[in-house]
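Please look over the structure below. The briefing that follows goes through cores, helix packing, strands and backbone.

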Amino acid sequence: MQITVNGAVIGERQIAREMQYHPADSLEEARRKAAEALVVREVLVQRADRLAIKHVEEEARIEALIEQEIAVPQADEDACRRYYQSHLGRFRSADLVEARHILFVAKPDDAQAIAAARVKAQNAIELLKQCPDQFRKLAEELSACPSSKQGGNLGQLTRGSTIPEIETFLFELEPGQLCPVPVRSRYGFHVLLLERRTNGKTLPFELVKDRIAAYLEEHVWRHAVRQYIQLLVGSSEICGIEVKGVTSPLVQ
């Protein structure tokens with residue numbers, strides 16, 4: 001069935017071109033998403049025509065239409081404070097750890113090297129249990145990582161700044177604690193020592209209030225745009241498709 005929006009035809013070639021922007025698990029789903037997006041775009045363009053909004057680029061016309069039709073109130077301080085108090089965990093400086101490691105290299109597909117590296121790492125841990133002050137010296141002698149020149153020093157780390165395997169263990173250790181087991185990664189096995197931890201602190205409201213206001217206004221704007229588009233779609237005569245969702249680059 002042919003798709004029309006208030007009499008304007010959306011052809012299969014248009015839909016086929018649009019499909020590249022709407023990845024999906026099936027061609028049918030990608031076609032549906034593309035067709036919905038084109039219907040929404042057509043509804044917006046037709047509204048811009050009725051309001052005599054003139055721009056060379058279609059995207060600019062749609063943006064001008066939205067700016068003209070939708071007014072979003074500024075988020076006041078009370079709203080920002082309520083959001084801040086309800087989401088304190090989001091406004092916290094990052095935890096920092098300072099750590100050292102010793103790397104015993106083993107390729108992921110070399111079973112013999114993996115077994116040997118595990119044994120070396122476990123032996124190093126046993127030695128360090130007896131002589132914990134020898135970590136730097138042992139790292140300089142045994143580690144295959146360039147950090148060996150600094151006694152295995154990894155510097156200051158935050159969550160997400162190192163490989164997940166190491167991070168998982170480091171952020172569970174106590175300051176001064178040697179990890180009791182070798183930690184395997186794609187590089188081999190690591191012997192880990194956490195030297196220091198600096199826990200993050202809640203950032204003061206004054207430092208984040210502008211960011212909160214921008215977020216709240218953006219959230220309200222997106223909701224308003226969706227509602228506006230749904231009203232336009234609902235008041236249009238659309239044949240050949242049922243628009244179930246708002247698919248628009250403005251509100252992704």
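**Core and packing in a predicted model**

The largest nonpolar core has 24 residues, and Ile 3, Ile 10, Ile 15, Val 39, Leu 44, Ile 66 and Tyr 228 touch the most other members. A nonpolar core is a set of buried Ala, Val, Leu, Ile, Met, Phe, Trp, Tyr and Cys residues joined through side-chain atoms within 4.5 Å. Buried means under 20% relative accessible area, exposed over 50%, and partly exposed in between (1.4 Å probe, protein chains only). The model is predicted: local features need pLDDT of at least 70, side-chain atom pairs count only at pLDDT 80 or more, and totals for chains, interfaces and linings use all residues. Residues are numbered from 1 along each chain as its sequence is written, and side-chain values use heavy atoms, with hydrogens and water left out.

- Helices (H or I, at least four residues) and strands (E, at least two) are DSSP runs, numbered from the N terminus.
- The largest share, nine residues, comes from α2.
- A second, separate core has 16 residues, including Ala 124, Ile 125, Leu 128 and Phe 135.
- In soluble globular proteins, nonpolar side chains tend to be buried together.

**Helix packing**
- Helix α2 (residues 27–50) packs on helix α8 (residues 205–234) at about 85°, with the axes 10 Å apart. Axes are lines fitted to C-alpha atoms, for helices over the stretch in contact, and angles run from 0 to 180 degrees between N-to-C directions.
- The two helices, α2 and α8, are therefore roughly perpendicular (65 to 115 degrees).
- Val 40, Val 43, Leu 44 and Arg 47 of α2 meet Tyr 228, Ile 229, Leu 232 and Val 233 of α8. Contact means heavy atoms within 4.5 Å.
- Beyond its neighbours within four places in sequence, Tyr 228 contacts Leu 44, Arg 47, Leu 65, Ile 66, Glu 69 and Ile 70.

**Strands**
- Strands β3 (residues 96–105) and β6 (residues 188–198) run antiparallel, joined by ten bridges. Strands pair if DSSP finds at least two bridges between them.
- Ile 102 is opposite Val 191 in β6.
- β5 (residues 183–185) also pairs with β6 in the antiparallel sense, over three bridges.
- A hairpin of two residues links β5 to β6, and Ser 185 stands opposite Gly 188.

**Backbone**
- Asn 6 is not a glycine, yet its phi is positive, near 50°. Asn 6 lies in the loop between β1 and β2 (8–10).
- Asn 6 counts as partly exposed because its relative accessibility is 39%.
- Ala 52 has a positive phi of about 55°, in the loop between α2 and α3.

Methods
Angles under 35 degrees count as roughly parallel, over 145 as roughly antiparallel, 65 to 115 as roughly perpendicular and the rest as oblique.
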